[in-house]
Amino acid sequence: MFEYLARDRRRLRRGTRAFAREVSIGEACVFVAHGFQWDGSNNVWLTRARASFVMQAGPCFDLRPRTLWNRLMGAASRSATIDPYFDAFFSVRTPSPNDTWSALTTRARTLLACSFEDARLISDGSMVTLWREAEFGREADGDAAAELVSEIVSFQSSA
């Protein structure tokens, strides 16, 4: 019986290892860290992916998940809606909306809405950082975070 219980416990832990690594995707080099962190009251899984823009410059923005209150009231942080599905989950603050929406490609918006609906994405014009805190994390979160950040930092790299 104890072997049976231990087998189920091992199955639950599979795919939840902490790691820190450098991932090269295309021309982007993404640093991904995934693991437990003490937030002052309990342990949380923190997934962080960061990379510099390939062209050394990009748009500045602060993308945050919308609160439940904002979702219910329908309050938007910007007047022009480009993707209503994306706007239902996130609010974006940016001084250059056209460049920001060019950097947030359809693939990047899909990854954010599907995998990181509770994440925060920040760009200071030279580096993009994705932060996600959760009660439970899987290694696949790190791979998706690296793909998302590399998609954004490759903004205008074809030029």
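**Note on the predicted model: cysteines, helix packing and selected residues**

1. The number of disulfides in this predicted model comes to 0, on the criterion that two cysteine sulfur atoms must lie within 2.5 Å. Two cysteines deserve a comment on their surroundings. Cys 29 counts as partly exposed because its relative accessibility is 29%, between the limits of 20% and 50%. Cys 114 has a relative accessible area of 55% and is therefore exposed, the threshold being over 50%.

2. Overall composition. The chain contains 6 helices and 7 strands. Read from the N terminus, the order of these elements is α-β-β-β-β-α-α-β-α-α-β-β-α. The chain has 159 residues, of which 38% are buried. Taking the contacts between residues at least 6 apart in sequence, 65% join residues at least 24 apart.

3. Cys 29 in its setting. This residue belongs to strand E2, which covers residues 28-38. Apart from neighbours within four places in sequence, Cys 29 is in contact with Glu 22, Val 23, Ser 24, Arg 50 and Ala 51. A further pairing concerns Ala 146: it stands 117 residues from Cys 29 in sequence, while the C-alpha to C-alpha distance is 8.9 Å.

4. Packing of H5 and H6. Two packed helices are described by the angle between their axes and the distance between the axes. Helix H5 spans residues 106-115 and helix H6 spans residues 139-153; the angle at which they pack is about 150 degrees, and their axes are 9 Å apart. An angle over 145 degrees counts as roughly antiparallel, so H5 and H6 are roughly antiparallel to each other. Their crossing is left-handed.

5. Which residues of H5 and H6 meet? On the H5 side they are Arg 107, Ala 108, Leu 111, Leu 112 and Ser 115, and on the H6 side Ala 144, Glu 147, Leu 148, Glu 151 and Ile 152. By residue class, this contact of H5 with H6 comprises 6 nonpolar, 1 polar and 3 charged residues.

6. Pro 59. Is Pro 59 buried or exposed? With a relative accessible area of 3%, Pro 59 is buried, because the limit for that class is under 20%. Pro 59 is placed in the loop between strand E3 (43-52) and E4. Not counting residues up to four places away in sequence, Pro 59 touches Phe 53, Ser 96, Asp 99, Thr 100, Ala 103, Ser 123, Gly 125 and Phe 155. Pro 95 is 36 residues from Pro 59 along the chain, and the C-alpha atoms of the two are separated by 8.3 Å.

7. Thr 67. The loop between strand E4 (60-65) and helix H2 (68-73) holds Thr 67. The relative accessibility of Thr 67 is 42%, so this residue counts as partly exposed, between 20% and 50%. Ser 91 lies 24 residues from Thr 67 in sequence, and their C-alpha atoms are 9.2 Å apart in space.

8. Arg 93. Strand E5, residues 90-93, includes Arg 93. Leaving aside neighbours within four places in sequence, the contacts of Arg 93 are with Phe 61, Asp 62 and Arg 64. What separation is found between the C-alpha atoms of Arg 93 and Cys 60? The value is 8.7 Å, for two residues that are 33 residues apart along the chain.

Methods
Residues are numbered from 1 along each chain as its sequence is written. This is a predicted model: local features need pLDDT of at least 70, side-chain atom pairs count only at pLDDT 80 or more; totals for chains, interfaces and linings use all residues. Side-chain values use heavy atoms; hydrogens and water are left out. Buried means under 20% relative accessible area, exposed over 50%, partly exposed in between (1.4 Å probe, protein chains only). Axes are lines fitted to C-alpha atoms, for helices over the stretch in contact, and angles run from 0 to 180 degrees between N-to-C directions. Helices (H or I, at least four residues) and strands (E, at least two) are DSSP runs, numbered from the N terminus. Angles under 35 degrees count as roughly parallel, over 145 as roughly antiparallel, 65 to 115 as roughly perpendicular and the rest as oblique. A crossing is left-handed if the near helix is turned anticlockwise from the far one by less than a right angle, and right-handed if clockwise. Contact means heavy atoms within 4.5 Å. Ala, Val, Leu, Ile, Met, Phe, Trp, Tyr, Cys and Pro count as nonpolar, Asp, Glu, Lys and Arg as charged, and the others, Gly among them, as polar.
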